[in-house]
Amino acid sequence: MRLPPNTPLEKFAEFIHLVQEICGRENVEIVAKPEQLSKDHYLDQSKVHDMFYLLGKDCFVSSAVVAPRDVSEVQQIVRLCNDFDIPLWPFSIGRNVGYGGAAPRVPGSVGLDLGKNMNKILKVDVEGAYALVEPGVTYADLHNYLVEHNLRDKLWIDVPDLGGGSVLGNTTERGVGYTPYGDHFMMHCGMEVVLPDGSLVRTGMGALPNPNSDPSKPAHEQDANESWQLFNYGFGPYNDGIFTQSSLGIVVKMGIWLMVNPGGYQSYMITIPKDEDLHKAVEIIRPLRVSMVLQNVPTIRHILLDAAVMGNRASYTNSDKPLTDAELDQIAAKLNLGRWNFYGALYGPEPIRQAMWQVVKQAFSAIPGAKFYFPEDQPDNLVLQTRNLTLQGIPTTTELKWVDWLPNGAHLFFSPIAKVTGDDAMAQYQLTRSRCEEVGLDFIGTFIIGMREMHHIVCLVFDRKDPESCKKAHWVISTLIDDAAERGWGEYRTHLALMDKVAQTYSFNDNAQMKLNRAIKQALDPRGILAPGKNGIWPSNYNAEQWEIVPKGV
Ligand code: ADP
């Protein structure tokens, strides 16, 4: 069992007793037996440790997991943690796979499972086209709600690749999806947040009381201002950003804008036969994307990402070396795909879609051998059929399959931001592929194209039960973080084990941003109880150097 730092067993037992009084014995799980670390699937995710463990099963593990039933219980638990100096790690659903799942950065922290009981869709407003959700509302829940209430003809949601995570957790981590509403943080509006001292704030217009609310009720039950989910910024400094990828608050309600059903939809795939034509493709994409002719967040996926969804490594090769260009060409030919495959969609009534399609098709025709497909052209293409759903906001879990590329498959994401230029794309591709191949891994990756940048997501698949494989994956990602920083590239998000390392690369002007982050942390959380170490920000009562994780060489 991992106890919280500096917490003897008797003190921990007293804490557990009190926390059980707050939220009921049935909502407190003490982590004390090895079999509690046996879950290994996204759909039955572990809430007590990182099941895609890189550094052993019990490196990132909680001492207990507590599931409050409402906001007032969250506040009481936070106050109790202050009294006992016990670190608390909030999560919503715990499916943040590839980045650490539900696990805490500091072993022995108490996990705060917000999703188990606080999972209501509080409101769907058709006129305003938004929803207000609690932490446990998954993309699948919100989509099902629209279907069950016959609202899909009015409103769509945006979903990430996997639909089992929470709307709130994904947004606070600044995750992305693939419709025109793919930038989730951009599309959120208004938060209710429990601060590290247990107090409660509403951000943006939520700070202005609703004149009809009942002041005798606890703050979290009071009716909110009617513009809370309509205007993000309110008055004065804009607070919401500091509650994303953050250890400054527990978000207990969040507004999210929904997309008005565009009245017509057509997804498509463009196959790009040659590896080096990634350059040309990205140059074609930039002007189309920034001018919104490409309306959604499209992706250019490497052949192996699509291949891995359709079969594991052993189904393609007996070789234990990284796949060569010739082998990749063979796989592409076998699957009727390109070395790169571009997935986009057209939204709107037929004449609008037709006009957009002509522009897109003409532009991509500059790539020799590019081919254009609609989902109906390839009914058996699992990836195209899945993207067809994802790009219209219908949640799936099909893309889980690529994690099985290797036996006991687990994954880490290396996620640098790239300019939308052919040069940047090629340079990041060459760098990441060659580093992967150095340790015998295949490159699997995708470029997700935002309005003015790309999230380049490299999927590092490793065998979690093979310590050598874990070591290699850790070395690759760690080395890539350095390589990238040397070229001015930084990651938008990272796994628990790499948070310090990535934070250190954002070092402009003598680490001015980290100093600012630490100053805010000290002001809001002087006892350092909320998510210490999250994104590399350590409270003053932790010795950051001692907590840093250094990968072993390979
Ligand atoms: P998902 O809902 O996609 O499964 P998680 O619940 O695993 O995502 O959350 C991912 C991370 O986001 C957590 O480890 C935590 O750092 C942060 N997070 C999630 N929910 C909240 C929340 N309600 N308040 C503050 N941070 C949160």
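Q: How many residues surround the ligand, and which are the closest?

A: A residue is near a molecule if one of its heavy atoms lies within 4 Å of it. Here 20 residues surround the ligand, and S92, I93, R95, S166 and V251 are the closest. This is a predicted model, in which local features need pLDDT of at least 70 and side-chain atom pairs pLDDT 80 or more, while totals for chains, interfaces and linings use all residues. Residues are numbered from 1 along each chain as its sequence is written, and side-chain values use heavy atoms, leaving out hydrogens and water.

Q: Why does the ligand lie between domain 1 and domain 2?

A: Domain bounds come from an automatic or database domain assignment. The ligand lies between domain 1 (9–113) and domain 2 (121–207 + 223–260) because both give residues to the shell around it. Among the elements, β3 (88–91), α4 (167–172) and β10 (250–257) each supply at least two residues of this shell; helices (H or I, at least four residues) and strands (E, at least two) are DSSP runs, numbered from the N terminus.

Q: How much space lies in the largest pocket, and which residues are closest to its centre?

A: A pocket is an open set of points on a 1 Å grid over the protein atoms alone, where a 1.4 Å probe fits, with protein on both sides within 12 Å along at least five of seven lines; lining residues have an atom within 4 Å of a point. A volume is the space filled by probe spheres set on the points. The largest pocket holds about 560 Å³. It has 24 lining residues, with R174, Q245, Q513, N517 and N535 closest to its centre. Helix α14 gives the most to this lining, 6 residues.

Q: Where does the second largest pocket lie?

A: Domain 2 and domain 3 (265–465) both contribute lining residues, so the second largest pocket lies between them. Its space is about 480 Å³, and α5 provides the largest share of the lining, 4 residues.
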